[in-house]
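Have the sequence and the model open as you read.

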Amino acid sequence: MSTAGWPVVLEDGDVVLRPLRLRDSGAWRSVRAANLQWLRPWEATDPSGAAPVRTFAGLVWELSRQGRLGTAMPFALEVEGSFAGQVTVGGITWGAMRSAHVGYWIDGRLAGRGIVPRAVALVVDHCLRIGLHRLEVNIRPENAASLRVVEKLGLRDEGLREKYLHIDGAWRDHRTFAVTREELPQGLLARYRATHP
């Protein structure tokens with residue numbers, strides 16, 4: 001089961017999730033540069049203060065390695081054929097737990113169009129199909145855009161985790177939202193479409 005479900009391509013109309021590729025370098029850099037201020041408050045940082053020295057090729061290699069090991073499913077997000085962000089399933093645990101967490105970022109120029117909820121729903125449905133039981137999303141309480149994503153998806157609010165992740169230079173509180181297989185007999189994408197036609 002450790003490598004089940006990777007690599008894979010997931011699609012819903014104009015939204016495509018696929019493995020990040022070396023040839024994404026130019027588009028990835030361009031989108032990241034255009035969204036520096038939009039993304040900075042939500043980006044993970046190293047508590048030691050060390051700046052990342054990873055090249056884009058190193059990033060792709062590491063994410064691909066995690067995918068092969070079955071510890072993560074790192075997706076590039078495409079909208080209408082263009083690179084638009086990333087969705088990553090991380091912390092994949094099998095055995096008795098069978099759970100993982102989902103993180104994402106999108107080009108701020110595309111925010112609010114229902115793209116991220118669809119992408120997260122695609123990923124959650126895929127994870128449940130391959131045998132995971134529980135998925136969670138952890139969000140800073142100040143991140144209104146991400147809070148709207150989990151609200152639209154109807155994920156269960158499990159409360160506050162104090163000083164949960166090192167983000168933007170400090171340990172930050174996060175709210176945890178989760179869903180289990182039992183809550184989604186028809187799948188998350190179907191539930192989302194039923195409430196957001």
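Trp6 is buried, at a relative accessible area of 14%; buried means under 20%, exposed over 50%, and partly exposed in between, using a 1.4 Å probe and protein chains only. Before going further, a word on ground rules: this is a predicted model, where local features need pLDDT of at least 70 and side-chain atom pairs count only at pLDDT 80 or more, while totals for chains, interfaces and linings use all residues. Residues are numbered from 1 along each chain as its sequence is written, and side-chain values use heavy atoms, with hydrogens and water left out.

So what does Trp6 pair with? A search of the whole structure turns up 3 aromatic pairs. In one of them, the ring centres of Trp6 and Phe75 are 5.0 Å apart and the planes meet at 80°, so this pair is edge-to-face. The cut-offs: rings of Phe, Tyr and Trp (its six-membered ring) pair if their centres lie within 6.5 Å, and planes under 30 degrees apart are stacked, over 60 edge-to-face, and the rest tilted. The pair ties together distant parts of the chain, 69 residues apart: Trp6 is in the segment before β1 (10-12), and Phe75 is in strand β3 (residues 73-79). Phe75 is buried too, at 1% relative accessibility.

Arg32 lies over the face of Trp105, 4.7 Å from the ring centre; to count, NZ of Lys or CZ of Arg must be within 6 Å of the centre and within 35 degrees of the ring normal.

Now zoom out. The chain has 6 helices and 8 strands, which are DSSP runs numbered from the N terminus (helices H or I, at least four residues; strands E, at least two). Starting at the N terminus, their order is β-β-α-α-α-β-β-β-α-β-α-β-β-α.

Take a look at helix α4 (residues 115-129). Its 15 residues reach 21 Å from first C-alpha to last, close to the 21 Å expected, where the expected span is 1.5 Å times one less than the number of residues. Since 14 of those 15 residues are buried, α4 is largely enclosed by the rest of the structure. After α4 comes Gly131, with a positive phi near 115°.

How much of the whole chain is buried? Of its 197 residues, 47% are. As for overall dimensions, the C-alpha trace spans about 45 × 35 × 35 Å along its principal axes.
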